[in-house]
Amino acid sequence: MAYVALARKYRPQTFSDVSGQEIIARTLTNAINKDRIHHAYLFTGPRGVGKTSTARILAKAMVCNDGPTATPCGVCDHCRMVSDNNHPDVHEIDAATHNSVDDIRELNETAEFAPTQARAKVFVLDEVHMLSSQAWNALLKLLEEPPEHIRFIFATTEAEKILPTVLSRCQRFDFRSIDIDDIVARLREVCAGEDIAIDDSVLFRIARAADGGMRDAQTMLDQLMAIADGELTEDDVNLLLAAARGDDILAIAQALIDGNPQLCIERLDNLAAAGISSNTFVQQLLDHFRQLLLLQTCGPDSSAVKRLGMVTDTAQQQAKALPMERLLRICQIFIGAQQSIRGGVDPHLQLEMCFVRIAGLATTIELDNLIRQLQRLEQQSGGASRHPLQGR
Ligand SMILES: Nc1ncnc2c1ncn2[C@@H]1O[C@H](COP(=O)(O)OP(=O)(O)OP(=O)(O)O)[C@@H](O)[C@H]1O
Ligand SMILES: [Mg+2]
Ligand SMILES: [Zn+2]
């Protein structure tokens with residue numbers, strides 16, 4: 001059988017199949033059930049979170065043999081033609097490439113005629129922020145007073161570029177980044193469908209790296225299947241992302257907690273020699289300490305904690321071992337390092353400096369507290385006496 005990318009093969013086909021966008025799915029379902037389908041929708045949100053998929057499902061919902069229905073059958077001629085993108089009354093237009101006035105004039109002409117096979121004519125305009133302003137002007141009249149049978153679904157990643165006159169004529173839906181748990185659950189289904197064995201910890205790693213994007217997660221899984229032979233392991237993910245192993249992150253974190261920068265720097269050298277990307281590595285370390293911070297604050301079951309990856313026993317122990325103030329400072333140090341790296345400072349050098357500073361934090365914080373105590377004492381005594389750390 002011909003190869004089809006996982007992200008396409010597993011495109012959701014029903015509203016209930018769309019992960020992580022429950023409110024949108026529910027609102028659209030209700031609108032259809034109550035026969036209150038608006039004439040224009042605007043779907044906006046980050047890349048690969050289900051805008052086009054939902055637009056196609058909505059189109060099917062309108063034209064399905066059983067329709068209008070919130071649960072299009074998926075097998076009638078209408079549904080199939082929408083899936084194959086060749087329904088004569090459902091026009092999916094890539095506004096990135098068809099953005100001229102002439103393109104919209106053509107659309108206007110098509111819209112004048114009644115649908116040929118379905119009860120509605122649906123225009124799905126993707127990447128709609130790319131339409132020229134003349135093209136929008138040509139579309140506005142139709143959008144304002146559309147014939148009864150016309151429906152528009154606009155999709156864009158950049159809603160802020162859409163004119164207010166257009167926005168005010170559409171029902172707007174903001175698609176969210178997808179939670180790590182929802183991505184993992186979907187990846188599990190894909191793996192089951194593909195008959196591949198894969199550990200949850202690996203799925204978490206992929207989902208974390210995808211950063212809320214379902215398409216990215218599935219594309220990564222695709223790439224992994226290409227590089228791995230047999231079972232997919234964490235090592236394969238690390239190879240793909242040029243990332244350090246979870247064990248290495250834990251070990252370095254432990255050495256930092258123990259105040260041993262030398263060990264961290266040696267490990268860093270080994271990792272760099274093994275081709276680990278320093279940028280990814282800083283992000284991994286920041287993620288780890290952020291997880292410890294949230295573990296302390298919210299506990300291991302919180303979604304904020306899980307968003308950063310699987311919670312290990314070692315991580316829980318490390319969270320307990322670190323005072324909050326130290327954790328906060330560690331995170332600040334890594335954030336500062338990321339900024340410096342973006343500004344052009346050598347990442348390797350930046351990391352070495354981070355390690356030295358973090359390993360010394362316990363002492364620095366103690367000294368800071370001591371100074372603060374002394375200052376308080378001085379204030380209490382009305383500044384009469386000078387203490388030894390001041391006034392030199
Ligand atoms: N919410 C979701 N639930 C399940 N799968 C999803 C979801 N979002 C995206 N996907 C997967 O990613 C692929 C691309 O999704 P889709 O085309 O709907 O994204 P999009 O939001 O339109 O992205 P873009 O802004 O890049 O056009 C789908 O084929 C599907 O496999
Ligand atoms: Mg899209
Ligand atoms: Zn159907």
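Between which domains does ligand 1 lie? Domain 1 (6-174) and domain 2 (180-241) both contribute residues to the shell around ligand 1, so ligand 1 lies between these two domains. The structure described here is a predicted model.

## Domains

The protein is divided into three parts: domain 1 covers residues 6-174, domain 2 covers 180-241 and domain 3 covers 246-359.

## The shell around ligand 1

There are 23 residues around ligand 1, and those that come nearest are Arg11, Gly50, Lys51, Thr52 and Ser53.

By class, the shell around ligand 1 holds 8 nonpolar, 9 polar and 6 charged residues.

## Where domain 2 meets domain 3

Taken over C-alpha atoms, the centres of domain 2 and domain 3 are 23 Å apart. Domain 2 puts 9 residues into the contact, and domain 3 puts in 8 residues.

On the side of domain 2 that touches domain 3, at least two residues come from each of α8, α9 and α11 (234-241). Helix α9 gives the most to this side, with 5 residues. The residues on this side of domain 2 are 3 nonpolar, 1 polar and 5 charged.

## Helices α8 and α9

Two packed helices are described by the angle between their axes and the distance between the axes. For helix α8 (residues 180-194) and helix α9 (residues 200-210), the angle is about 125 degrees and the axes are 9 Å apart. That angle makes α8 oblique to α9. The crossing of these two helices, α8 and α9, is right-handed.

On the α8 side, the contact is formed by Ile180, Ile183, Val184, Leu187 and Arg188. These meet Asp200, Leu203, Phe204, Ile206, Ala207, Arg208 and Ala210 of α9. Sorted by class, the contact of α8 with α9 contains 9 nonpolar and 3 charged residues, and no polar ones.

## Helices α5 and α6

Helix α5 (residues 101-112) packs against helix α6 (residues 133-144) at an angle of about 15 degrees, and their axes are 8 Å apart. An angle under 35 degrees counts as roughly parallel, and α5 and α6 are therefore roughly parallel to each other. Their crossing, that of α5 and α6, is right-handed.

Helix α5 makes the contact through Val101, Asp103, Ile104, Arg105, Asn108 and Ala111, while α6 uses Gln134, Ala135, Ala138, Leu139 and Leu142. The contact of α5 with α6 has 7 nonpolar, 2 polar and 2 charged residues.

## Helices α14 and α17

Helix α14 (residues 278-298) and helix α17 (residues 324-342) have axes 9 Å apart and pack at an angle of about 155 degrees. An angle over 145 degrees counts as roughly antiparallel, and this makes α14 roughly antiparallel to α17. The crossing of α14 and α17 is left-handed.

From α14, the contact takes Asn279, Val282, Leu285, Leu286, Phe289, Arg290, Leu292, Leu293 and Gln296. From α17 come Met324, Leu327, Leu328, Ile330, Cys331, Phe334, Ile335, Ala337, Gln338 and Ile341. In the contact of α14 with α17, 15 residues are nonpolar, 3 are polar and 1 is charged.

Notes:
Residues are numbered from 1 along each chain as its sequence is written. Chains are lettered from A and ligands numbered from 1 in the order in which they are written. This is a predicted model: local features need pLDDT of at least 70, side-chain atom pairs count only at pLDDT 80 or more; totals for chains, interfaces and linings use all residues. A residue is near a molecule or strand if its C-beta atom, placed from the backbone, lies within 6 Å of it. Ala, Val, Leu, Ile, Met, Phe, Trp, Tyr, Cys and Pro count as nonpolar, Asp, Glu, Lys and Arg as charged, and the others, Gly among them, as polar. Domain bounds come from an automatic or database domain assignment. Axes are lines fitted to C-alpha atoms, for helices over the stretch in contact, and angles run from 0 to 180 degrees between N-to-C directions. Helices (H or I, at least four residues) and strands (E, at least two) are DSSP runs, numbered from the N terminus. Angles under 35 degrees count as roughly parallel, over 145 as roughly antiparallel, 65 to 115 as roughly perpendicular and the rest as oblique. A crossing is left-handed if the near helix is turned anticlockwise from the far one by less than a right angle, and right-handed if clockwise. Two residues are in contact if their C-beta atoms, placed from the backbone, lie within 7 Å.
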